[in-house]
Amino acid sequence: MRRLQHIFQIGAGAVGVDIGARAIKVAEVRRTAKGIELSRYGVAPTPAGAVQNGMILDPDAAGAAIVGVLREAGIRARRVIVSVSGQHVLARILRLPPIPEDEVKQAVRWEAEKHLPFPVEEAVLDTQVVRELSDDGRRQIEVLLAAAPEQLVQTYVETLEAAGLTADAIEVSAVAMVRALAAPAAEGVVAMVNLGASTTEVAIVREAVPQMTRTILEGVEGEAATLEALGLQLRRSIDFYRAQDESGQITRIMLCGGGARFPGIDRRLAQELDVPVTVGALPDVLLISHRLDTATTADVAPQLMTAIGLALRTIL
Ligand SMILES: Nc1ncnc2c1ncn2[C@@H]1O[C@H](COP(=O)(O)OP(=O)(O)OP(=O)(O)O)[C@@H](O)[C@H]1O
Ligand SMILES: [Mg+2]
């Protein structure tokens, strides 16, 4: 029976859709006999004015663009995993007393109120128990809370409907990024940074788990001539985390997003922040399909990271 299941899983693909202010990114990941592979991907410009700060203002236009980029990439799946982003979208680790798994969501609603920049009644919340721990002999559980305004999530649902697609899952963009960029546990605390056209997302990551995320309303639109403002905001995010968690020294910054494709941006940000900076590579477990050009794929990879992380959600 096991064997049969394994055979059925081969060829099953998962598709991630990352709708940015400037570009729509799609990636298909599937299981093959050799392992997990990136089988197809596509990048297309977002219709002007359709997306702003994570909010989809024109679901019909965005939906049509998604149909176009999927067709061009040769992706036929009609079920996808989509990311939401923006200033009011966040994920963070909360500590709670040990409670049954089915009660976590309710318990987190109270706690979430303190952390959300908008009323909890207007939020879509998702929770995942990450681990159990003992703090000074007190047992606790760590829960990853993901939250987004319902109104914003609704614009994504409408967009997928317009594209004739079904959302298998909707995930906080920074959480998908962390899945794709996951650093070895030995790295300590890593700041993962998605340099988008109009926004920059930061996830502080410990042992592959995002501890907190932040969205900075500063991007790399056009060209990166002005890294100072971005550097300053990143520095603030790092300091904010340090103030909350003294044990957390950030050892490294990993970059992704379209902005990470600018040659030398890692070196320039390292100078600005005085922390080692690298451009995140595709996960080791991910093979590249023989259909894809290796050099081109490696060049686009940083921009695809969120879409790949979304697709890996059900495959890993
Ligand atoms: N070779 C490249 N090709 C395309 N974009 C590039 C390249 N190098 C750098 N960029 C930058 O990447 C940006 C697009 O990145 P990305 O797709 O991550 O943004 P986005 O997701 O649309 O924006 P946001 O996350 O703010 O909504 C462009 O605006 C451009 O400044
Ligand atoms: Mg983006």
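Helix H2, residues 59-73, packs against helix H4, residues 150-162, at an angle of about 50°, with the axes 7 Å apart. Helices (H or I, at least four residues) and strands (E, at least two) are DSSP runs, numbered from the N terminus. Axes are lines fitted to C-alpha atoms, for helices over the stretch in contact, and angles run from 0 to 180 degrees between N-to-C directions. H2 and H4 are therefore oblique to each other; under 35 degrees counts as roughly parallel, over 145 as roughly antiparallel, 65 to 115 as roughly perpendicular, and the rest as oblique.

This is a predicted model: local features need pLDDT of at least 70, side-chain atom pairs count only at pLDDT 80 or more, and totals for chains, interfaces and linings use all residues. Residues are numbered from 1 along each chain as its sequence is written, with chains lettered from A and ligands numbered from 1 in the order in which they are written.

Now the sheet. Six strands form an open sheet with mixed pairing, in the order S10-S6-S1-S2-S3-S16; two strands pair if DSSP finds at least two bridges between them. At the edges are S10 (166-172) and S16 (286-288), each pairing on one side only. From one strand to the next, the twist averages 30°. S2 (residues 23-32) and S3 (residues 35-45) run antiparallel and are joined by ten bridges. Glu 28 has Arg 40 in S3 as its bridge partner.

Back to H2: this helix lies across S1 (13-19), S2 and S3, at about 130° to S3, where contact means C-beta atoms, placed from the backbone, within 7 Å.

Key
Contact = placed C-beta atoms within 7 Å.
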